[in-house]
Structures are given as C-alpha cells and as structure tokens.
Amino acid sequence: MGGDISRGRRFLKNNKGVVTLAGAVVGGALMGALELDSFAIESIQTNAFVLGYGTLAGAGITRSLVSLASYFRHPVKDFPKIVRVGLAGFFGPSKAADVPRHRRLEAKLKDIYIEGEYLKSVAELDLLEGKIESAFDKYEEVIAIMQEPFDTGIFHRAGLSLAESVHRMQHRKEEPYKLAIQFALRWQYDGFYDNAMRYWQEALGHLPKDIDMNILYGRALESMGKKDIAMDQWKRVLKLVRAEAKERGDISLEQIGDAEVYKLNESDVLENVFVIKVSDDRQLLEDELRTTHEAHEVLGSWIASEGIYDNFAIARSISTTKNGKYSLVSLYERGRTLLEHVEDTKDMCALESAVRFLAAIHSMMRNDAEPREERLHFRQRLDEAKAMLAAEGRPSGDYDPAFSMLLDACKTPIDAIWDSPAVFDKDAHGKNWNISPEGRITAIDFQLKGAVRPEDDLSKLLEIGCYFKNDAVGDLARESMIEVYHGQMSSFGSVPIPPVDEFKFRKLNADLIRTVSYFCASYESTLNRKIRRAYLRNALHSANRLQDEYVGTIDSTDVKQYSLFRRGIESLLEIEEGVRT
C-alpha cells in the first residue's frame with residue numbers, strides 16, 4: 001500500500017499540469033451539463049460564462065487538492081485532520097502564550113505531515129517563543145532534506161502568495177526577521193528561489209552580525225546550489241567568528257580524533273560549520289589551501305560533466321589564519337570517515353566509490369614532483385620508529401632484529417615498483433575521506449606531499465583498515481577493487497599504467513613497503529594501534545601471497561627476500577600483539 005501511495009505522489013509531482021487540466025475540463029463539462037439541464041438554451045454569452053466559471057473552478061479545486069500531496073502523507077485518508085490543520089493555521093498563534101496549545105496539536109498531528117513540513121511548523125513555534133537556536137537547528141534539518149520542488153507554476157505561486165498575506169496579517173506584531181525567515185523557508189522549500197533569496201537577504205539585513213543567522217543563510221545558499229555565493233558567505237561567517245573571538249580574547253576549540261584538527265565549540269550551530277587544521281608551518285597550510293582550490297577546479301569540472309554531484313565532492317578550504325599557531329579553516333563535512341563507515345557497515349560500495357575517486361584524482365591532479373627514493377625513505381622511517389620508541393621509554397632492542405630483516409629485504413619490493421608512474425599523493429587512507437549520511441564521498445586533506453606511485457596510494461586506501469578477510473574470499477574482493485581502479489585509470493588514459501595482472505603484483509609489493517612507513521607514522525598515537533596491527537596482518541598476508549602465488553614467475557633470490565620480509569613482519573606483529581593497548 002505504501003508503495004502505491006509513493007507512486008501516486010510521484011505521479012502527481014510529475015504531472016500536476018496534466019491533472020489540473022483534467023480537473024479544468026471536468027469542471028467545465030459539469031457546469032456545462034448543469035447549464036443545459038437547468039436552463040435549456042441560453043445566450044452564447046451566458047453559456048460561455050458558465051463554462052468558463054466551471055473550468056476555472058475545476059482547475060482551482062483540483063490544484064488545491066493535488067497540492068495537499070506536497071504537504072501531507074495521506075491526503076485522502078487524513079482529510080479530516082488536514083481540515084484541523086487548516087483551521088489551526090488560520091487561527092494560528094499570534095503570541096508566545098498561544099504556542100503550548102498549538103504544540104500539543106502539532107504533536108498529535110505529526111504523523112500526517114511530510115517530514116520537512118512538520119519541522120517547519122515546529123520551528124515557527126520555536127521562533128515565536130524566542131527559542132532562536134532551537135528554531136535554527138530545525139531549519140537546518142529542513143534545508144538538509146529539501147528535494148527538487150514539487151511545482152513552480154503560476155497557480156502554486158499564487159497560493160503561496162495568498163498564504164503569505166494571511167500569515168502576515170495574523171502576525172502583524174511579529175519581529176520582522178522572524179517573518180522574513182519563515183517566508184524565505186516557505187518559498188525555498190517549494191522551489192521559488194528568487195523569492196527565497198529576497199527574504200533571506202531581508203532577514204540578514206535585520207541581523208547582519210548574528211553568527212547563527214549568517215550560518216543559516218549559508219546553509220540555504222548551499223541547498224539552492226548557489227555554491228559561489230555560499231563560499232563568500234562562509235568567509236563572512238569566519239570574519240564574524242574572528243571578530244567575536246578577538247572581542248572575548250579567546251576561541252574555544254575541540255579536537256577531532258587524534259590529529260591536529262579541531263572544530264569550534266561555541267554553539268550547537270557553529271560547531272558544525274568549520275574545521276580547523278593547526279600547524280607551526282604556515283607554508284604547509286598555504287600549500288594545502290592552494291592545492292585544495294586546484295582540486296576544486298580540476299575535479300569539479302569532471303564531477304559537473306559527469307553529473308555526479310550526489311556521489312563525489314571535494315573538501316572546501318576557506319583561508320589560513322593565525323590564532324597562536326597557523327590555522328587552515330575549512331567547511332565541516334557532515335558524516336564520518338570512510339574507515340569508520342566501512343569497518344562498521346562493511347559497505348563495499350562506499351569503498352569502491354573512493355577507489356574510483358582516487359583514480360580520478362591520480363589521473364587529473366597536476367604533479368610536478370618525482371617520486372621519493374624509496375630505500376632512503378624506508379631507512380628514515382625505521383630511524384623515526386626507533387626515536388619514537390625511545391621517547392616512549394621502551395628499548396628499541398626488541399625491535400632491532402625485525403627492523404634489520406625488513407631493511408635487508410626491502411630492495412626486492414622497491415625494485416618491483418620503481419618504474420611506476422608518478423601521480424599526485426592523495427595520502428588515500430580511510431581517514432582522508434568523508435562519507436555523508438546520504439552516501440556522498442568527500443575527498444579531504446589535499447596537503448601537498450609531492451609524488452607517489454599509484455600502487456602506494458591504493459595500498460593505503462585498501463589495506464589500512466579491516467575491510468577484507470585475509471583469505472581467498474577477501475583476495476577476490478581486493479582484486480575486484482584493484483580492477484575497478486585500473487579500469488578507471490585506463491579510461492582516463494592520462495597516466496600510463498601496466499596491464500592489470502602486473503599492476504596487481506606491484507600492489508602486493510607496495511603493501512610490504514607501506515607497512516613500515518605506516519608503522520612508524522602511526523606509532524606516536526595509541527588510537528592507531530588497532531589499525532597498525534591490522535595493517536601488519538594485511539601486509540603479512542600480501543607477503544605470503546607473493547611467496548605462494550608467484551613462485552614460478554620470480555627468481556629464487558626474490559623468493560628468499562620475500563621470505564625474509566615476511567619474517568620481519570611476523571616479528572613486528574608478535575611484539576605489537578604483546579603490547580597492551
């Protein structure tokens with residue numbers, strides 16, 4: 001039954017003009033029949049008037065009934081309740097004292113509304129009671145769930161204009177900014193963006209320095225697809241935040257995870273607007289800001305040409321600033337990291353989307369650097385690990401045999417990928433992607449790190465996390481992701497890439513090289529120990545595959561080197577699993 005209702009609503013949404021025309025014809029026909037039956041043959045003028053009146057009445061009544069589907073879940077079944085809503089709206093609350101009675105009524109009738117309409121009605125009651133932040137929170141939810149407008153025709157515009165006039169008459173003593181917000185949301189929710197913009201600007205004119213008001217306007221601009229205007233608005237919000245922080249002498253920040261990334265902790269609205277990356281290195285942040293803007297230009301054109309706005313997005317950085325340390329301010333992205341999402345839900349479709357996106361980044365982002373010298377980098381990482389162990393007060397002697405085995409054996413996997421092409425280093429591990437509640441993948445952290453080999457970055461994405469089982473079934477899933485990446489890279493054609501079987505072999509070698517690098521980079525954080533151990537197990541599995549599956553295609557010296565590397569990983573893993581988290 002629910003499916004029939006949904007299909008019926010979709011039909012009305014897409015065919016309102018046809019349904020209204022049918023209503024006009026029926027209205028004209030009925031009035032014409034009554035005219036002929038009651039008065040026989042009248043003058044041509046009289047007959048024309050009656051037919052015209054019937055046609056207009058039929059169109060108006062049909063359009064009014066059909067429009068109910070835009071606001072209520074079951075317009076026919078719930079018609080008596082809808083009448084109560086209409087009466088309550090006409091004799092609506094004109095002052096805060098009237099609100100409790102209307103809240104009780106709205107709560108009783110909540111189930112008959114489409115979700116956004118109920119939120120709007122309750123937000124209007126919050127505004128009337130002066131609960132501004134609560135109202136803004138609900139309006140943000142309304143904006144977030146807005147879909148394509150049902151209808152932007154002349155009849156609907158006229159109906160909204162009439163409703164606006166009635167509402168304005170009932171609330172003559174209401175504060176102007178509240179009315180402006182209500183009208184802006186009503187027009188925007190129904191797709192009349194020109195009227196919505198006019199009222200948003202009127203509301204902002206009443207509260208030009210109110211941070212929450214400016215944030216709400218920014219959210220509205222985003223929802224209407226006015227990205228360029230929205231970016232200017234977010235810069236304005238940031239200036240207001242800085243001015244307030246300067247006036248108060250501080251700004252409250254809350255750390256996100258274990259990285260040097262924070263969110264503003266000023267209010268429920270503001271904390272979901274900006275994220276702030278902190279560093280002592282100003283140039284590092286300036287480079288990331290520039291690279292993020294380049295990503296928007298290059299990848300944004302691809303996203304636009306493919307029409308995949310709902311699938312992919314790029315983080316939006318606004319500016320660098322200084323508040324003690326240097327800061328890069330970016331817009332907050334709703335959702336959670338890809339690592340958290342895939343580990344919790346086993347959503348392989350989300351991981352595949354990130355794989356496709358990574359291929360686009362590697363194919364399209366400009367790269368002027370040469371890949372690093374891997375053996376030197378490998379040795380540097382081992383030295384960093386020893387320094388971290390010393391800082392933790394733990395002797396590196398326990399690790400030295402493992403480190404020696406890895407260093408002695410690293411030449412073989414490094415040689416296997418040395419001639420792979422250089423691509424932009426996305427640093428593609430799962431914490432550098434965000435997935436929204438709607439399933440959109442956002443690429444975050446475009447810190448300029450130089451060049452990387454494709455296999456390296458893909459290894460970070462697929463192996464830093466517990467996404468696959470280390471068995472035959474898991475290997476099939478891994479190889480499916482590698483084939484998706486290879487196919488996408490081949491379709492772009494801008495980066496030369498070896499045949500898919502050779503690429504799979506190189507990716508296994510990259511798994512080994514990245515093990516030590518990630519082990520060292522993550523060691524200072526206890527939060528990363530679980531991920532680090534999982535990566536060691538994944539790399540051990542890749543070493544076993546190289547030994548077992550490629551025996552006939554690699555020489556005996558390489559087999560021995562892979563065996564030595566495997567023993568080094570086993571030794572590291574044994575020590576790590578003996579360390580209490």
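Two residues are in contact when heavy atoms of theirs lie within 4.5 Å of each other. That term is used throughout this walk through a predicted model, in which local features need a pLDDT of at least 70 and side-chain atom pairs count only at pLDDT 80 or more, while totals for chains, interfaces and linings use all residues. Residues are numbered from 1 along each chain as its sequence is written, and side-chain values use heavy atoms, with hydrogens and water left out.

The chain as a whole comes first. It has 23 helices and 11 strands. Both are DSSP runs numbered from the N terminus: helices are H or I with at least four residues, strands are E with at least two. Of the 581 residues, 50% count as buried. A residue is buried under 20% relative accessible area, exposed over 50%, and partly exposed in between, with a 1.4 Å probe and protein chains only. Among contacts between residues at least 6 apart in sequence, 70% join residues at least 24 apart.

Thr291 illustrates such a link along the chain. Thr291 is part of helix α13, residues 282-306, and counts as buried because its relative accessibility is 1%. Setting aside neighbours within four places in sequence, Thr291 is in contact with Met365, Phe424, Phe446 and Leu448. Thr291 and Leu448 are 157 residues apart in sequence, yet their C-alpha atoms are 6.8 Å apart in space.

Tyr332 is placed in the loop between β6 (325-331) and β7 (336-337). With a relative accessible area of 24%, Tyr332 is partly exposed.

Most residues other than glycine have a negative phi. Lys346, however, has a positive phi near 55°. Lys346 sits in the loop between α14 (338-345) and α15 (348-364), and is partly exposed because its relative accessible area is 47%. Asp445 is not a glycine either, and its phi is positive at about 65°. Asp445 belongs to the loop between β10 (441-443) and β11 (451-452). At 19% relative accessibility, Asp445 counts as buried.

Further along comes helix α19, residues 454-463, where 10 of 10 residues are buried. Among them are Pro454, Asp456, Leu458 and Lys460. After α19 comes Gly465, which has a positive phi near 150°.

How many cavities of 30 Å³ or more does a search of the whole structure find? The search finds two. A cavity is a set of points, on a 1 Å grid over the protein atoms alone, where a 1.4 Å probe fits but cannot get out; lining residues have an atom within 4 Å of a point. Grid points are joined across faces, edges and corners, and a volume is the space filled by probe spheres set on the points. The largest cavity has a volume of about 50 Å³. Its lining is made up of Arg478, Glu479, Ile482, Lys504, Lys507, Leu508, Arg545 and Tyr550. Helices α20 (472-492) and α21 (500-521) each supply at least two of the lining residues. By type, the lining has three nonpolar, no polar and five charged residues. Here Ala, Val, Leu, Ile, Met, Phe, Trp, Tyr, Cys and Pro count as nonpolar, Asp, Glu, Lys and Arg as charged, and the others, Gly among them, as polar.

Pro499 is in the loop between α20 and α21. Its relative accessible area is 60%, so Pro499 is exposed. His541 lies in helix α22, residues 529-549, and counts as buried at 14% relative accessibility. Leaving out residues up to four places away in sequence, His541 touches Asn470, Asp471, Asp475 and Arg478.

The last stop is helix α23, residues 556-577, which includes Ser571. At the start of α23, a side-chain oxygen of Asp555 comes within 3.2 Å of the backbone nitrogen of Thr557. The 22 residues of α23 should span 32 Å at 1.5 Å a residue, and the end C-alpha atoms are 31 Å apart, which agrees. The expected span is 1.5 Å times one less than the number of residues. Ser571 is buried because its relative accessible area is 19%. Apart from neighbours within four places in sequence, Ser571 is in contact with Ala402 and Met405.

Terms used:
On a 1 Å grid over the protein atoms alone, a cavity is a set of points where a 1.4 Å probe fits but cannot get out, and a pocket is an open set with protein on both sides within 12 Å along at least five of seven lines; lining residues have an atom within 4 Å of a point. A polar contact is a pair of N or O atoms within 3.5 Å; within protein, one must be able to donate a hydrogen and the other to accept it, and residues adjacent in sequence count only if both atoms are side-chain atoms.
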